[in-house]
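Please look at the sequence and the model shown below before reading on.

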Amino acid sequence: MKKVALLGNPNTGKTSVFNRLTGLNQHVGNFPGVTVDKKSGTLHHDGQTAEIIDFPGTYSIYPHSNDEQVVYDVFSNPRHPDFPDLTVVVLDAGNLERNLLLFTQVYDLQIPVIAVLNMSDVAGRKGIKTDLDQLKQAFPGVRICETNARAGFGMKELKELIFETPAQAEFRPLIADYNVTDSDNESWQESETRQRYTYIKEIITASVRHENPTQAATKASVWDKLTVHPVWGYVIFALILLLIFQLIFSIASLPMDLIDGAFADFANWTGSVMPEGVLTDLLTGGIIPGLGGVLVFLPQILLLFFCLGILEETGYLARAVFIMDRLMRPFGLNGKSVVPLISSAACAIPGVMATRTIPNWKERLITILVAPLMSCSARIPVFTLLIALVIPNKYLFGFLSLQGLTLFAMYMLGLFSALAVAWVMTRFIKTREKSYFLLEIPEFKAPRWGNIFLSLYEKSKIFVWEAGKVILAISILLWALASYGPGERIQNAVRKIDKTAYPGEKYEDKVASVKLENSYMGILGKTIEPVIRPLGFDWKIGISLLTSFAAREVFVGSMATIYSVHQEDNEGLLETMRQEKHPDGTPVYSLATGLSLMVFYVYAMQCMATLAIVKRETKSWKWPIVQLVYMGILAYLSAMITYQIFS
Amino acid sequence: MSQTLGFCAAGKVFKVKQVLPSVLSSKLLEMGFYTGKEVEILYKAPFGDPIAVRVGDYVLSMRKSEANLIEVEQN
C-alpha cells in the first residue's frame with residue numbers, strides 16, 4: 001500500500017485534512033522505539049487505497065521536542081519503516097511564509113510532494129491571494145491544490161492527486177544535495193534557515209498579494225481584548241469552567257448510573273441462568289463488574305473532551321493558556337498544564353489524557369504525576385461519609401458550615417499539594433529538551449463538529465481497549481482476593497454465624513461481612529493493621545483501603561459490607577460507624593481518625609484506572625509506579641501527622 | 001535606537017535587528033524572526049507577561065524573557 005505522510009505546522013488544519021481523508025478508518029499505534037503516538041488511517045478512493053500517517057505538527061524538520069523528533073527520525077532515514085512514498089504538506093494559505101520553511105526542507109529531500117494550501121477561506125477574508133502558477137514555477141515537480149478542509153472544499157482534487165502518478169519533473173532544490181543528518185549542528189541549522197527565508201521571501205513577493213497592504217491583515221479583535229483582559233479574561237475563564245463542571249456533574253451521572261445498573265442486572269441474570277461454580281463466580285463477580293468498571297468512566301471522559309474539544313476548535317484554549325501561564329510559572333508549570341489539572345478535579349483520567357497538548361515532555365510528565373492529587377468526583381462519597389461522621393453540623397459565625405468548610409479544605413489541600421509537588425519535581429526531573437512557551441494563537445472560528453466527534457471516538461477507543469485491559473485485570477485480581485480465603489476458612493466462619501441473631505436480610509449482610517473478613521483481602525487488612533495503627537485506622541478500615549484501590553468510592557460500599565449494613569443504606573452505615581467502639585470504650589471514628597482518613601484519601605493513589613491510563617500515556621510502568629509510591633508515602637505521612645495532631 | 005522586543009509597547013511596528021545567541025535562537029528563527037521581519041505586540045496578558053506578537057501574518061504568544069532574546073528597532 002502507498003505510504004503517504006501528512007506533514008505541516010500546527011494550526012494549519014492538518015487534523016481536518018486527515019479526518020476528511022480517512023474518516024473513521026483511523027487507528028493509533030507507535031513509532032518504533034519512541035513514546036510518541038502514531039496516528040494513521042486508510043484512504044479509499046475509486047477502488048484504490050493508501051495509508052495516511054498523520055505526523056505531529058512541526059515548524060521545521062529539526063526537532064525541538066520529542067514529538068517533533070519523530071518527524072526528523074523518519075525523514076532523515078530513507079530506510080525507516082515509516083519513510084513515505086509521498087508527502088502531503090499542509091500549508092496555511094493565510095501565512096505562507098513561515099509555512100514554506102518546512103515545505104522547502106521536505107522539497108529539498110526530493111520525496112514526491114503535494115502542497116495543500118489549506119484554510120483558503122480565512123486567507124481570502126484577510127485579503128491574501130496566492131498565485132498558484134507562480135508557486136508551481138518556484139517549486140518544479142510539486143503538485144499544488146487549494147482546500148478548505150473544514151468545509152470539505154478541494155478534498156476530491158487532493159484525493160485524486162494522491163493516487164495520480166506525477167509527471168517526471170526536474171526538482172530544483174534550494175539547497176543542493178540536502179541531507180538533514182549533515183546539519184546536526186545548530187549554527188549550521190540557523191544559517192540554513194536564514195538562507196531558506198531569504199529565498200522564501202522572494203517567492204512570496206512574486207506569488208502572494210495582500211489586497212489592502214496599508215493595513216495589517218492580522219490584528220487584535222474585540223474578542224481577543226476581552227478574553228485576555230485582566231478582569232474579564234479571568235471571569236470568562238471561570239464561567240466557562242463552572243459551566244463545564246455543571247454539565248459533568250449534572251449530566252454524566254445519568255449514564256453512569258445506567259451503566260452501573262445495567263451491569264449489576266446483567267451479573268445477576270448471568271448468575272441466575274448459569275450453574276453455580278467458580279466460572280460463574282468469576283463472570284458475575286469479576287469480569288462483568290470489571291467491564292462495568294471500565295465503561296462507567298466513559299460518560300465523564302466523553303463529556304469533558306467534548307467541552308475541551310469546543311474550546312480548542314474555537315481557538316479559546318490558546319487564550320486561556322495565555323492568561324494562566326504567569327500564574328503557573330512559580331510552580332514550574334506553564335499555562336498548558338491548567339486545563340489538564342482542572343479537568344482532574346472531575347476525573348484524573350481525562351486530565352491525564354489532556355496533557356498531550358503539552359509539547360515539552362518534562363512539563364507533561366510532571367502534570368501527569370500531580371494530576372491525581374486534584375480532588376476528583378470519586379472522592380466525594382468518601383468525604384461526604386466521613387464528614388457526616390466526625391464533623392459536627394455547626395455553623396461558624398452563624399453562616400459558615402463547618403462540614404462545608406471541611407470539604408472545601410480537602411479540595412484546597414489537594415490543589416496546593418499538586419502545585420507544591422510540581423514545584424519539587426521540576427527540581428528533580430532532568431531533561432535535555434529545551435523548555436519554551438512559544439505558542440501560536442489561532443483566530444477565533446466556529447468549531448468543526450466532525451473533528452470533535454472523531455477525537456471523542458479515538459479517546460474512548462484508547463481508554464477502553466488500552467487502559468481497559470489493565471483495569472479489568474486488576475479488578476479480577478481484587479475480586480479474587482476479596483472472594484476467596486485459605487482452605488475452608490470462609491466456609492467455617494459462615495457456619496459459625498448464629499442464624500437466630502440475624503433474621504431475614506440481616507443474615508445475608510452478615511454472611512457478606514464474614515466472607516470479606518475471612519478472605520485473603522480480609523487477612524491482608526488485618527496484617528497491615530500494625531502499620532496503619534499510627535494513622536488511627538483499624539483492620540476494618542484497612543480492608544476498605546485495600547478494596548478501594550479499584551476506585552475510591554468503593555470505600556463506602558466496603559465499609560457497609562464489613563459492618564454488615566445493607567448496601568446504599570447510608571444512614572444505617574453512619575449510625576453503625578458512630579456506635580463502633582475500641583475495646584477500651586472510646587469511639588473508633590473520632591475526629592482524629594476521621595480527619596486522618598480524609599487526608600489519606602486526598603493523597604493516596606487509590607485508582608487503578610488512573611494508573612492504567614498513566615501507563616498508556618507514558619508508555620512505561622515506571623511512571624505509574626513512581627506515582628503510586630510517592631502518593632502512598634505522602635498519604636501515609638500526612639495522615640499520621642493529622643492523627644497525631646488531633647488525638 | 002534598538003531595544004529588545006519584551007520591553008516594547010503594544011501597538012507599534014518594529015523590525016527585527018537580530019536574534020541574540022541562546023539555546024532558543026534556532027527555534028525563534030524558525031518561527032520567523034529573521035533580520036528585517038516586521039513584528040508588533042498586539043496585546044499583553046495580565047501582569048504584562050506573556051505577550052502576543054504579530055509576526056508577519058500570524059500571532060505568536062511568547063514569554064517576556066523569550067521576547068527579550070529578540071533585538072528590534074523602530075520601523
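## The contact between the chains

In this predicted model, the contact between the two chains draws on 44 residues of chain A and 32 residues of chain B. Together, chain A and chain B bury an area of about 3,500 Å². Carbon and sulfur atoms give 62% of that area.

On the side of chain A, three residues stand out: Thr218(A), Phe322(A) and Leu438(A) supply 19% of the area that chain A buries against chain B, more than any other three residues.

## The fold of chain B

Chain B contains two helices and six strands. Read from the N terminus, its elements follow the order β-β-α-β-β-β-α-β. The radius of gyration of chain B is 11 Å, close to the 11 Å that the globule rule gives for 75 residues, so chain B is as compact as a globular protein of that length. Its C-alpha trace spans about 30 × 25 × 25 Å along the principal axes.

Contacts within chain B can also be sorted by separation in sequence. Of those between residues at least 6 apart, 59% join residues at least 24 apart.

## Surface and charge of chain B

Of the 75 residues in chain B, 64% are buried. The chain exposes about 2,700 Å², and carbon and sulfur atoms supply 53% of this area.

Charged side chains in chain B comprise 9 positive and 8 negative ones. The centres of these two sets lie 3 Å apart.

Ser40(A) is located in strand β3 of chain A, which covers residues 37-45. Is Ser40(A) buried or exposed? Its relative accessibility is 2%, and the limit for a buried residue is under 20%, so Ser40(A) counts as buried. Apart from neighbours within four places in sequence, Ser40(A) is in contact with Phe18(A), Asn25(A), Gln26(A), His27(A), Glu51(A), Ile52(A) and Ile53(A).

Leu385(A) belongs to helix α17 of chain A, formed by residues 379-390. With a relative accessible area of 6%, Leu385(A) is buried. Which residues does Leu385(A) contact, leaving aside its neighbours within four places in sequence? They are Phe555(A), Val556(A), Leu573(A), Leu574(A) and Met577(A). Leu385(A) and Val17(A), by comparison, are separated by 368 residues in sequence and by 50 Å in space, C-alpha to C-alpha.

Conventions: Residues numbered from 1 in each chain as written. Chains lettered and ligands numbered in written order. Predicted model: local features only at pLDDT ≥ 70, side-chain atom pairs only at ≥ 80, totals over all residues. Heavy atoms only, no water. Helix = DSSP H or I, 4+ residues; strand = E, 2+ residues; numbered from the N terminus. Rg over C-alpha atoms; globule rule 2.2 N^0.38 Å. Buried < 20%, exposed > 50% of the residue type's maximum accessible area, 1.4 Å probe, protein only. Contact = heavy atoms within 4.5 Å. Areas by Shrake-Rupley, 256 points an atom, 1.4 Å probe, with all protein chains shown as cover. Lys, Arg positive; Asp, Glu negative; His and termini not counted. Charge placed at Lys NZ, Arg CZ, Asp CG, Glu CD. Buried area = accessible area lost by both parts, 1.4 Å probe.
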